[in-house]
Amino acid sequence: MKKSKLFTLAMSAIMAGTLLVGCQSKSSGSDESISDSGTKYLIATDSKYAPFSFEEDGEYKGIDVEILAAVAEESGFDYELKPMDFNAIIPALTSNQLDGAIAGMSITDERKEALDFSDGYFESGLSIVVDSDNTEINGVKDLNGKTVAVKKGTAGENWALENQEKYNLELKHFEDSPAMFLAVQGGNADFALEDYPVIAYKIKVDADNELKIAGDKVTTADYGFAVNKGQNAELLEKFQEGLKAIKENGKYDEIISQYIDQ
Ligand code: ASN
């Protein structure tokens, strides 16, 4: 029952993704759901990235989803939320198939070449994730010759690629974070690279998890709301203003404290 529901959801996500890629283009002006008129923005989130964005009982929730809702209310803009695999989000932004993204996305210099970011709204950074029985890997110093699970298109994948030679790593690439965690739990990878708040939340809420964090954070980075570079300055500005307002009026802290112990 559960499986078939998941399958249906996955299929609709794939179809929605296909439609998105196939039909919606700002430059063609053929689709009104894109905000040519500035009335309704199409904004992506990572479809499986608790506690930032995840589906529960048919609804999307989480820090990113709720910050976006609060900011939009504050700044008075309309949007449609588009949950996607992270890997598809940046290409869809740069080809104007999306107006913006709030997807647990680290602000990096490389991404800044293609995207404009808001101020950081959450401090994050990569951690090493291992099976809870693993006593061998206790930090970066123990990674030599290991197999690493990475999520496509992420800062974690980038770190693994940059350090592949240094640590003689074998990379296994996955579409989403749950698949990466399963690879570690199932012994298909020695470790995964995932953002600290994401793995810490999983360990906290999932009683069946067999994972732990090894050593200190590997990197530090802030999450930002992103738009295509040089475009959608209006949306970016509205996001910035709204973010500032919800930080001042307590709404931001209220959202965070639902998911993260402060
Ligand atoms: N945190 C990842 C990154 O910035 C994105 C994600 O997995 N949603 O690359």
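**Exercise 1. The ligand site**

How far from a nitrogen atom of the ligand does a polar side-chain atom of tyrosine 49 lie?

*Solution.* This is a predicted model: local features need pLDDT of at least 70, side-chain atom pairs count only at pLDDT 80 or more, and totals for chains, interfaces and linings use all residues. Residues are numbered from 1 along each chain as its sequence is written, and side-chain values use heavy atoms, with hydrogens and water left out.

- Step 1. Take tyrosine 49: the separation is 3.0 Å.
- Step 2. Go to arginine 111. A polar atom of its side chain is 2.7 Å from a ligand oxygen.
- Step 3. Check the cover. The ligand alone exposes 280 Å², and the protein buries 99% of that (Shrake-Rupley method, 1.4 Å probe).

**Exercise 2. Phenylalanine 122**

State whether phenylalanine 122 is buried or exposed, and list what it touches.

*Solution.* 

- Step 1. Phenylalanine 122 has 12% relative accessibility, so it counts as buried (under 20% relative accessible area; 1.4 Å probe, protein chains only).
- Step 2. Leave out residues up to four places away in sequence. Phenylalanine 122 then touches Phe52, Pro197, Ala221, Asp222, Tyr223, Tyr252, Ile256 and Ile260 (heavy atoms within 4.5 Å).
- Step 3. Pick isoleucine 256. It is 134 residues from phenylalanine 122 in sequence, yet the C-alpha atoms are 9.4 Å apart.

**Exercise 3. Confidence**

Find the stretch with pLDDT below 50.

*Solution.* 

- Step 1. The stretch is residues 1-37.
- Step 2. Low pLDDT means the predicted coordinates should not be read in detail.

How values were computed. Buried means under 20% relative accessible area, exposed over 50%, partly exposed in between (1.4 Å probe, protein chains only). pLDDT is the predictor's confidence in each residue, from 0 to 100. A polar contact is a pair of N or O atoms within 3.5 Å; within protein, one must be able to donate a hydrogen and the other to accept it, and residues adjacent in sequence count only if both atoms are side-chain atoms.
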